[in-house]
Amino acid sequence: MVVMTAQTMKHALRPHGFLGRWAESQFLAIVTNCASAGLERAAQNVHKMANCSGIQWWDDQLSVSVSVAQAMVQSGDGMETLLQRAFNADRKSTRLNSSH
C-alpha cells in the first residue's frame with residue numbers, strides 16, 4: 001500500500017514536485033516554482049488522486065485515506081518553521097474534518 005500511495009502521489013505532483021517518505025505513515029512533498037494557487041492545486045491533486053486509488057487484494061478492494069497540508073515559504077523561514085506551519089495546518093485540517 002505504501003508503494004502504491006507513493007507512486008500515486010508522485011504522479012499527482014507532476015514534474016515540479018519531489019516526494020519522500022517522512023515517517024512510517026507520512027510523506028513529505030516539496031513543490032517548486034509555484035505560487036500559492038499552484039501549491040493549492042498540487043495539494044488538491046494529491047489528495048484527490050490518493051483518496052481515489054486502491055488495489056485489489058484477493059476479493060477485497062484496499063484503499064487509503066490521506067490528509068494533505070501545505071505551507072508556502074515565507075521570508076526568514078528555515079526548514080523547521082516551514083515544517084511546523086505545515087504540521088499545524090495538517091492538525092487544524094484534521095480537527096475540522098473529524099468534526100463533520
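I number residues from 1 along each chain as its sequence is written. In this predicted model, local features need pLDDT of at least 70, side-chain atom pairs count only at pLDDT 80 or more, and totals for chains, interfaces and linings use all residues, while side-chain values use heavy atoms, without hydrogens or water.

I looked up β3 (residues 54-57) and β4 (residues 60-63). They run antiparallel and are joined by four bridges. Strands pair if DSSP finds at least two bridges between them. Strands (E, at least two residues) and helices (H or I, at least four) are DSSP runs, numbered from the N terminus. Ile-55 has Leu-62 in β4 as its bridge partner. Two residues sit between the strands, and Trp-58 in this hairpin takes a positive phi near 55°.

**Largest pocket.** I used a 1 Å grid over the protein atoms alone and a 1.4 Å probe; a pocket is an open set of points with protein on both sides within 12 Å along at least five of seven lines, and lining residues have an atom within 4 Å of a point. I read about 1,000 Å³ for the largest pocket. Its lining has 36 residues; Phe-27, Leu-28, Ala-29, Val-68 and Ala-69 lie nearest the centre. α1 (2-13), β2 (26-31), α2 (36-52) and α3 (79-98) each supply at least two lining residues.

**Second largest pocket.** I read a volume of about 150 Å³ here. The lining includes His-16, Cys-34 and Arg-41. I find that α2 gives the most to this lining, with four residues.

Conventions: Grid points are joined across faces, edges and corners, and a volume is the space filled by probe spheres set on the points.
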